[in-house]
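Here's a quick briefing to read alongside the model. Have the sequence and the 3D view open as you go.

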Amino acid sequence: MSQAAVYGLLLVAVVLEVIGTTALQLSQQFSRMGPTAIVVACYAAAFYCLSLTLKSIPVGIAYAIWSALGIVLISSVGLVFFKQRLDVPAIVGLCLIISGVLVVNLFSKSVSH
């Protein structure tokens, strides 16, 4: 599998996880069946896609990318759909997470390019 395909699959895993987490909010502590089913399906598919990327990307690197993108995307979903505002320290923290993942991906010899 090409590197572009592997990273594309990782992106699919992140998007599925974000959809699942959004549905988790909508499930109201698993009391609504529709969103609960979406949570289970999306999380299962997300972890399956993540597992496939681990053939080519070290687990720590894959999980760092998964975490950073997931945090940023779900924070954006929270802002847009649930009107959950972030304060300045939260935004700074998100920027630090993104910066850390960029440093790992751009400069680490652990990541194969």
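How much of the chain over residues 36-54 is helix, how much is strand, and how far apart are the end C-alpha atoms? Over that stretch the chain is 95% helix and 0% strand, with the end C-alpha atoms 27 Å apart. Keep in mind that this is a predicted model. Below, the notes go through the annotated segments, then the aromatic rings, then the pocket.

**Annotated segments**

- An unreviewed UniProt entry lists residues 36-54, 61-82 and 88-107 under "transmembrane region".

**Aromatic rings**

- There are two aromatic pairs to look at.
- One of them joins Phe47 and Trp66, with 5.4 Å from centre to centre and 40 degrees between the planes, so the pair is classed as tilted.
- This pair links distant parts of the chain: Phe47 belongs to helix α2 (residues 33-53) and Trp66 to helix α3 (residues 59-82), 19 residues apart.
- The other pair is Tyr63 with Trp66, at 6.5 Å centre to centre; the planes are 20 degrees apart, and it counts as stacked because that angle is under 30 degrees.
- Tyr63 and Trp66 both lie in helix α3, three residues apart, or about one turn of the helix.
- Put together, the ring pairs make a cluster of Phe47, Tyr63 and Trp66.

**Exposure of the ring residues**

- Is Trp66 buried or exposed? Trp66 has 6% relative accessibility, so it counts as buried, the cut-off being under 20%.
- Phe47 has a relative accessible area of 48%, which means it is partly exposed.
- Tyr63 is also partly exposed, because its relative accessibility is 46%.

**Largest pocket**

- The largest pocket has a volume of about 180 Å³.
- Ten residues line the largest pocket, and Ile65, Ile98, Val101, Leu102 and Asn105 are the closest to its centre.
- Which helices each supply at least two residues of the lining? They are α3 and α4 (88-107).
- Helix α4 gives the largest share of the lining, five residues.

Notes
Residues are numbered from 1 along each chain as its sequence is written. This is a predicted model: local features need pLDDT of at least 70, side-chain atom pairs count only at pLDDT 80 or more; totals for chains, interfaces and linings use all residues. Side-chain values use heavy atoms; hydrogens and water are left out. Rings of Phe, Tyr and Trp (its six-membered ring) pair if their centres lie within 6.5 Å; planes under 30 degrees apart count as stacked, over 60 as edge-to-face and the rest as tilted. Helices (H or I, at least four residues) and strands (E, at least two) are DSSP runs, numbered from the N terminus. Buried means under 20% relative accessible area, exposed over 50%, partly exposed in between (1.4 Å probe, protein chains only). On a 1 Å grid over the protein atoms alone, a cavity is a set of points where a 1.4 Å probe fits but cannot get out, and a pocket is an open set with protein on both sides within 12 Å along at least five of seven lines; lining residues have an atom within 4 Å of a point. Grid points are joined across faces, edges and corners, and a volume is the space filled by probe spheres set on the points. UniProt positions are given in the numbering used here, feature names are shortened, and annotations may be inferred rather than shown by experiment.
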